[in-house]
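Me: I would like to learn how to read backbone features and a helix contact. Where do we begin?

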Amino acid sequence: MNTEFIILSSVLNILIVLLLSPLFDGFTRKIRALIQSRVGPPLLQSYYDLLKLMGKEDLKSTINPLFRLSPYLSVVSIGMASLLIPITGLVPPLNFWGDIFLFIYIITVVGIAIIITASASENPFAYIGASRKMMLHLSVEPILAIALITGAINAGSFKIGDIVSWYYSNGPNVSMLLSTVCVFLSLQALIGKIPFDISEAEQEIAEGVLIELSGPKYACVKWANMSRQVLFCLVFTQIFIPWPLSENSLINVIIALIKVTAIIFISTLIESLNPRLRIDQALKYNLTLALFSLTSIFLALLGV
Amino acid sequence: MSLLKKLAQQSLKKSVWIFHVNTGACNGCDIELLDILTPYHDIERFGMKAVSSPRHADALVISGPVTRPTVEFVKSVYEATPEPKIVIALGSCATAGGIWFDSYNVVGGVDKVIPVNLYIPGCPPRPEAIIFGIAQALGISKKKIKPLIAEQIGAE
């Protein structure tokens, strides 16, 4: 673990998660347009949207300081979390004991920041959106946590790097396969796409949590949402499907990008072919999945 | 800082988000506005989309004559939209009051209440006319009519 590797992979991780995420969002919008037999926006559309929003006036609907600060917190914590995922190799740039707990905490902060913004914005639609987002987060975060803990029990270490190395060299066993399937089934809820975009339901509660945000703040929250999508796809592809892997870190980055594109394509297909669930249906789905994924911990403790 | 502002101004032309305000229209213009979101016309290829909150909008599309009960709402929607913004009056009623120009309950066109940048007349205007009007306002396409010059009004 030399300094050069840490700097290179930190830069690459932040580049992929933060700077390439609008490109993936543009890809999503293009695919959705093609499914609906439209031409669709250009591939770089999301960059234009973000740049435009950065230059708009920042209207303040309230003087609450939480409303002013927490949109920026969401982007920053996404950037932090991106440093804990291995993209350039088997180990992430920040590799220390217990980083899976830090990862779960930081991932939760992203949602919490948006919930705080919505709760501080003094809009009834935002309150509904915030309460729905909180319920969704509370029900879906345990699935990812259980899956990571299953990996930790199997590898015998609380480092993400060790889990990935163990998984890469030992191959899948029953418990890891089970948790991989559970994470894949909860991926749509983790990235907040259509069957589970209940908190931002555009037609129903007018973008809910985002309704009072304007200008740079809205750009930050939108950017955080786009980056969250890439981040969770990376979590799935890099931690739960670490194959194939080469010696060269740049080739690893290209492999990761191809895998993420495939996962985003699948999730876009699910998004454009499905209706939105109600909050009680989504809670039922997530809690059933969480209970089901608990079995993977027992299987891991049994050693299979 | 100025570079970011320049980039923001340039990308404003490529992504205009529309908020639709109905100030008492008969729904004719509203249905024509919904037509431009359909796959046939597909306004998203210009980066435009309809948003559900005026705080996200760049363009306010106002249809209908401004009736007395809605005057305050039109003003507050205008204030709730962040700068830079354009206001588009859609249809004959929004342009000048239409057939309700002297009705007791109608203030008049939208320009009596808030400043208007673009008028799209018609009862209702065709979806092509709406897209053409917005494209003109953004500078994507040029005006097709000649400017009013002396020979047109016969004054040599």
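Reply: Begin with the element names: helices and strands are DSSP runs, numbered from the N terminus. The model is predicted. In chain A, Ser37(A) is in the loop between helix H2 (21-35) and H3.

Me: Which residue of chain B has a positive phi although it is not a glycine?

Reply: Asp42(B), with phi of about 50°. Asp42(B) sits in the loop between helix H2 (28-35) and strand E2 (49-50) of chain B. Asp42(B) is partly exposed, with 19 other C-beta atoms within 10 Å.

Me: Now peptide bonds. What is omega from Glu83(B) to Pro84(B)?

Reply: Most peptide bonds are trans. The Glu83(B) to Pro84(B) bond is cis, with omega near -10°. Pro84(B) lies in the loop between helix H3 (71-80) and strand E5 (86-90) of chain B. The bond from Cys123(B) to Pro124(B) is also cis, with omega near -10°.

Me: At what angle do H3(A) and H1(B) pack?

Reply: H3(A) and H1(B) pack at about 125°, with axes 8 Å apart. H3(A) is therefore oblique to H1(B). Their crossing is left-handed.

Terms used. Residues are numbered from 1 along each chain as its sequence is written. Chains are lettered from A and ligands numbered from 1 in the order in which they are written. This is a predicted model: local features need pLDDT of at least 70, side-chain atom pairs count only at pLDDT 80 or more; totals for chains, interfaces and linings use all residues. Axes are lines fitted to C-alpha atoms, for helices over the stretch in contact, and angles run from 0 to 180 degrees between N-to-C directions. Helices (H or I, at least four residues) and strands (E, at least two) are DSSP runs, numbered from the N terminus. Angles under 35 degrees count as roughly parallel, over 145 as roughly antiparallel, 65 to 115 as roughly perpendicular and the rest as oblique. A crossing is left-handed if the near helix is turned anticlockwise from the far one by less than a right angle, and right-handed if clockwise. A residue is buried if 20 or more other C-beta atoms lie within 10 Å of its own, exposed if 12 or fewer, and partly exposed in between; C-beta atoms are placed from the backbone.
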